[in-house]
Every structure is written in structure tokens, then in C-alpha cells.
Amino acid sequence: MSKGFNQLLDAVVRIDVREVAFESGARRYAASIGSGVILSADALVLTNAHVASPRAVELSITLSNLERVSAKLVGWDHWTDLALLRIDVADAKRRGLKFATAEFGDSSKLFPGQTVFAVGTPHGLTRTVTRGIISNNNRYFEDTTGVNGYETGAFNTWLQTDAAINPGNSGGPLVNEDGRVVGINSRGYLGANNLGFAIPAAIAKKIVAGLVQDGAITRSTIGLVPGALQDLENFYSLALNTGVLINSIAPGSPAARAGLRGGDILLAIDGIKVDGRFPEQLPPIQNLIASQPVGAKLKLTYRRGAQIADVIVVTEKLESSVGEEWALEKWGMSVRKVSRTYARVNQLTSDAGVIVLGVQSGFPAEVAGLSRGDIITKINQQPVESLAVVQAAHTAFEAKPAPTLLEAQRDRRVSLYILKP
Amino acid sequence: MKRLCLFIVAMISLTALRAAELPALWAERLKSVVAVEYFTETETDRRPSVAYGVVVDAQGTIILPSAAIDPRAVPSQLKEFKVYLPGDPASATAEYLGQDALTGWHFVRAEERLRAQLTPITKFASASATPEPALAEDVWGIGLRNKDEDFTPYLLKSHIALIQSLPQRTAIAQHEVAGPGLPVFNREGVFMGLAATSFGQTFLQFSRSERGGSPTMLINVEESSAFQVAEEVLPYLGRVPKNAFGRPLAWLGAYGFEPMDREVAKFLKLESQSGAVVSEVLEGSPAEKAGMQARDIVLAINGQPLPRFKPDRVVVSYVEREVERRAPGDTLTLTVLRGAERVDLKATLGDEPKLMREAARKYYERLGFTAREFVYGDAVARRVKVAEGSGVVAHFVKPNSPAAIAGLRTDDWIKEIDGVETKSFEAATEKLAATEADTLRSEFVLLVSRGGETAVLRVKLK
């Protein structure tokens, strides 16, 4: 193999993660293994968001020389399934640890049939190289719960490869014969053979830059869910390669307030014509909106029936439907804040409340009759505007246990519950 | 095996009755029970069903329990009602009169020639005030075999194990005492009540329903061990529906009552009574006009505090029955707890908006689906304003039909047909009928809404 390829092998690391999980009604820790690639001399490691997230409490990196060193999360972006870590440089220096760095290749030049290699730690088997080809270089693959319950894939397309990708390969690089990183391996189809997916290097480069600068990627949204127009141009009497179908509009979102609705055809954004004939074309259109600053005014040109009209929509910050999580140990209950997005998707009247993630049997929450999925809207008659309200009530209960009145909603039914000491 | 055991038990305890008496009582009372057969005709199939009924008057009126007819079936789909006397393969025709909202009973009327052979159950009612069965009292009833055995009657006998308010007074016997919907008698042959439908064999499991969940029940569909006592039956026998839908239907418009458990009641210092939390107040409803708000806790109706029931959930049926037993135009004072304050609300009950089963519908054989009028309940289910609720709903989609292949699913809300908004059922059906009739059409397009998502479906007809 080339010299570049050998250097790349030395830049691939194994990542051991210990992270907190709240599903069981308590704070529990789980361990997992992933892969990563060292990008720079200042020890930035790129991996998947589903490997290293803010839930991680301990990140340990095994270098190619089998030495272990700890790392910290710089930032993550579940939409592209990427996370950036930084190795504890001081520790590495003190121990005289050396590591190689990898370089990005040009993912836009990849062609189907081109030979690529996946490097990583499948099932804990360190430094495994598998070989395959680019099966498709522009795969649309959106998933609302793909990254440990977080949304992914709306803003990028993926590289598809038949290089074997197994659990543990996640976060490792997909490289060309020169050892250049052309993608970050992210996922495979369960139960399928050789259907692996990787985030293209072109996307990864931008996300890395954003995470280094801000620790997070900020996107804008207007609450518009696009759909491909495939085969429907005739029906809408559209010229070929014109417009994108508005599949749905999130209730209460800026687009809904502006009067847009499902079934409208979006023709242009700020005068830039959009073409959403095929699913692969949707991520760039989403990006056009997402890359606007929060609060920007967008002029949308759309068609409804025979009418063409313009409407001004003000963007707002894109939020995940997954809110902050916490365990209320004395109550034997773990909760997640209702986010604005969650409230809209589930047609809740407001985003006040916390969702019950789990209850522990025999603890007050379970005894009272609460169960997973209930949305707690009030505690002792006080609206749950934030997680802090719940935490404060729990702290008060810890200090001085007293019956606590909860109001919770299941589907559309409202019930009262008493947490008894 | 179970039935055999039961039969042996019944045979043994039978000796306790005076031998001469029961056969005479049996023969007389058998004339008040019948089997009723009918067909349900849907878009693509036709299914027979059988239920047991009790004769309630000299006009040949028969009541069937609420579960005798699938609640999703529309009266116009119910065909060919036939009445069979126990043990007799001959049948007489009957007419379906409708369902009563309060009792849930379906009313059927047998043709004239049969009426002489029938005896109304009221003949066996106690002359004075109807006694409630006592604990451990012996009771017996009639079971009917299936159609292939000519609905041959057989004896069931047991004794009362427990009496509960659910909220109707319901006696639970140790073993099955009658076929569902059939009468139960005491040793003297006095009518004691009507067997409940599919009541759990293990009633204790019913009692211990989990909050929010449905009670677990083991069901013997042919026999029942529980019956609603005579005082819950006799006063309502005259509620013959004026039409198939049982209209007028009283309507309050408070959605999703939830019971208050003991701990909550204690916390709110309401130990001696019960309450029901209102989950939602429906748009334009009498409840809304009366000023009711979501999360109000109903504490009293017309000054009467809601009684405590076991299990707590029963209070929900209690509140619903208090509405159902009244008529549109009646007023009701509801005392609710709102935060820390008690508020009296005066509601004038309205007439229930058109129900889904009353909605107009039309089946398109070639397209492969039934379009149903969008009604109030559809707006509630989809959380849209009533004014926004126009158009039609796919009520039935025929498997492998053009509509099904295009991806149309039951309950999809069809908002546009060929790019034209469906403003009314009439407009939609006109367009669909034209499409159905136009054999040259190769495709048409539906815009549907499903769970808040919109989808454009291209239906290929050729």
C-alpha cells in the first residue's frame, strides 16, 4: 500500500465510551465501542455523533500504538452524525505519546465503482481494514430517530459502500487508495449484506470547522418538510426540474404562520429556484434554509393550484425534538424536557412539560401509576415550564418528603397523580 | 371440559330446588328469550352474526345487549334480522329499530305472527319493588346452544358472590348463570336481572383494573356470570329508539374524563367522594359555552357529589351516564374544582353533532375505496378547527385496488381530488363519481393528510 495509507492506519483510533442513559427510570451507565480518526496535530478526533455525544461521561482513546489516553467532547452534530473530540494533549505530551494525523480527500470526485477501504474497530477488533467500492455517491437517507433517538440525515446525502461495516466501525474513516479520508463510516443496514453508509468528507470538513469554532452547528428552520415531486410535474403542470412538494408544515412553525400548507409547491427561495424532483435533491434544499442566520427573512415563492404567490418567512433556530434529560432518583423516574419541536410534532398545546422516559418499580412514580410516555405538565399546581421546576420539586421532596401532586397527560387524557414518600 | 364440570355442579345443586317447581318455571320463562340472527354487509363481504335477546313487550320488541352488534357497523349495513325460538329451527323476520344511547341496547321487533308465542319478561318481574339479590342467593338462567343445534336451551345455575356498582348495580355469580343478554331468575322465578355481555369469568381481574389501562378479562362469549340487577333493567325497557341512531342524543362536549384516585382525593381533601378530570373541552360544545375548562375536576352534578366507586374508573361511566340519561335542552349544574376554587357551571345540553356512523358515505368499486363525509368527530380526532374540517375521509380501502396500490389507507383525510380542494362531501362524491364513470381516465391524484403529514397519491386506473 501507499505511504499515505500506512500513515492513515496510524491515525485511526479506537474509542471506548461510557455514557449515561436515563431510559430505566434512573441514572444508568452503559459502555460502547466506536472508531475515530485523528485529524490534526492538536489532537482533534473525528467520530460519529452516535458514538460520542453529550451523554458521554468518559471517553477513552486507544492510539495505534495501543496506548490509551482520555479525550473530551468538543462538540457534536447529530444531523450529520458527527462528533469532534480532543485528546488530552497535556497527558499525551507528558507520556511522550505520538500519533499520526489523517487528511481529507475530495469526496465530490468519488465515482460509483471506485475502490475504498473502511478502517475501524468492528466488534472491538482494533485496526480492521475492509475493502469495497463506492456503491452510490449520493444516497438520501433521512431518519427521525437515527442517532440514539436524535434526528439525522435531512441536510446531507451519504456515500454508500459495500466495504464491510459492522458495529464498532462507526466513526472510522472511509478512505481511498491514497489513504485520504473521503468519508466517515456511520451506519449499515441491519440484516442486509454490505450496505454501508458514510458521511462525505466535504460535509465533514464544514462540520469540523463549525464545531471547532462554536462547539455546535446552528441551523435555521421554518418548519417545512419537503417531499420529492417525482412523476407529479405533469399533474401540477410544472416545467421539468422545477419546484419541490411541501409534504407537510409543522403546526405553529414560521411556515405555518405564513400560511403555507401541505400540498403547496415551493418554487424558489429568495429568488433561487429549487428543484426537488428526486429525494437526493432534498438535502441541498433543506440546507439552503438551514444555512440562513436565525431570524433571517426569506422570500418563498410557491404555487397553490394555478396561483403563484410570494410569502415572507422569518427563520427560527432548529431544535431537536429530544430535550434535556434527567433522573429523579427519589421518585424512581427519569424524564426528558418537552422541546418546542416535540410539542409541535405531537400537537401539544405548549412546550411546558417533561416526558417520562422510565419508572422504576416500587418507587413513588410507579406506585402513583405513572408510566413511560406520560407528559407531566404540572407539579403541585405549578406549570412545568422548564426542567428546573421538576428538579426543584424533587430536591424539596428529598429534603422533606411530602405528598406531591402531579398532573400528567397520556395521549390526550389528563390525570392527577400523587407521589407519596 | 369446563362446561361439563359446570353442568355437573348445576345438576347436583338442582336437587336443592323443589323438583316439581323448576320445570314449570323454566317452560314459562323460556318464552321470553330468543336468538337473533342478522347479516352485516360491508363493501366486499357479508357476515352472519348471532345474538341472544329478551322479549320486553307485547309488540314483539326484543332487546339485544350492546355488544351484539359491532359498533363500527352502520345501521344500513345490517340486513335480514331473523328471530329463532329456543330449540326451533324455523325463523321469523324482524326489524332493526336502533340502539339506545343510555343502556346501549339494540332494539329489534319480531314480525306479528310470532308475537303470540312470546312472553314479555315484565310478566316475571316482581309485583312490588324489585328486590336486589342477596349475597349467596341461588339464581338460575337460560343458555342457548349455537345455530347448528337449533339454539337448544339449557339451564345454568349458581349463587351470588358479589354485588358492585359499575356504576349500574351488577351482581356477580360464582359461575355462569345465563347467556349474555338473557334473563336471570331467583328460586321463585322472579326476574332478577339481565346477564352482562362477555363479562370476565374472573371478575376479580376486572375489579383490579390498572389505572389508564384496560382491565384484563378472560372471556366466555357464550355465557356470563354477571348480570345487571332488575332495577337497572325494568325502568329502561320503554326506551325504544325513535330511529336507528337513537337520536336525540344529549351532548355535553367534555372529552376524556379521567378518574381521581384515592390518594389524589385525599390530597385535595375530598375523601368522602370522587371526581373526574376533564381532559379537553370541545369546540362549540355546551361544556365550552358553560365556561368549562380543560383540567377542571368535576365534583358534583346538580349538587350531588360524585359517589366513590370501586374501582375508581367507574366514575367516568357514571358521569357519562348522567349526561346520556338526559335529553338535549336539559340543564345540568356541574360543580368543578379549578385550581383551589369551586365553580358552578350551568350547562344546557345540546344535540350530539353528526356521528361517524351517521355520516354519508359512498363506495367506488373501480377506484377501490369508500368516501365518508368529514364530521365533527373527525375534526376532534385530527385536532383541527371544525370550520377547517371539510372534505372526505377514506372509510374503507379495498385491498389491492387502485386506491390501495397508490397508498391510500383507511382514515386518510382526502383534502384535494385532482388538485381541487374538497369543500364538501357532495362536491367530492360528484368528482369521484365522474372519475369512476370515465373509463378513459388513466389516473387521478389525491392529496391526503395522515397524522398531520400530507401525501400526494397518484391513483393509476389502467
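The legends below describe close-up views of a predicted model. Residues are numbered from 1 along each chain as its sequence is written, chains are lettered from A and ligands numbered from 1 in the order in which they are written. Because the model is predicted, local features need pLDDT of at least 70 and side-chain atom pairs count only at pLDDT 80 or more, while totals for chains, interfaces and linings use all residues.

**View 1. A closed barrel of six strands in chain B.** The strands follow the order β7-β8-β9-β12-β11-β10, with antiparallel pairing. From one strand to the next, the twist averages 40° (axes are lines fitted to C-alpha atoms, for helices over the stretch in contact, and angles run from 0 to 180 degrees between N-to-C directions). Strands (E, at least two residues) and helices (H or I, at least four) are DSSP runs, numbered from the N terminus.

**View 2. Strands β7 and β10 of chain B pair in the antiparallel sense.** Strand β7 covers residues 138-144 and strand β10 covers residues 183-186, and three bridges link them. Two strands count as paired if DSSP finds at least two bridges between them. B:G141 has B:V184 in β10(B) as its bridge partner. Strands of a sheet pair through backbone hydrogen bonds, either parallel or antiparallel.

**View 3. Domain 1 and domain 3 of chain A.** The domain assignment, which is automatic or from a database, gives domain 1 (1-217), domain 2 (220-317) and domain 3 (322-419) in chain A. The contact between domains 1 and 3 of chain A takes eight residues from domain 1 and eleven from domain 3; residues are in contact if their C-beta atoms, placed from the backbone, lie within 7 Å. The C-alpha centres of these two domains lie 36 Å apart.

**View 4. Two cis peptide bonds in chain B.** One joins B:L166 and B:P167, with omega about -10°. B:P167 lies in the loop between β8 (153-165) and β9 (169-173) of chain B. The other runs from B:K310 to B:P311, with omega near -5°. B:P311 is in the loop between β17 (304-305) and α6 (314-324) of chain B. Most peptide bonds are trans.

**View 5. A:D270, a residue with positive phi.** A:D270 is not a glycine, yet its phi is about 50°. A:D270 sits in the loop between β18 (265-269) and β19 (272-273) of chain A. A:D270 counts as partly exposed because it has 13 C-beta neighbours inside 10 Å (buried is 20 or more other C-beta atoms within 10 Å, exposed is 12 or fewer, partly exposed is in between, with C-beta atoms placed from the backbone).

Definitions and conventions
Contact = placed C-beta atoms within 7 Å.
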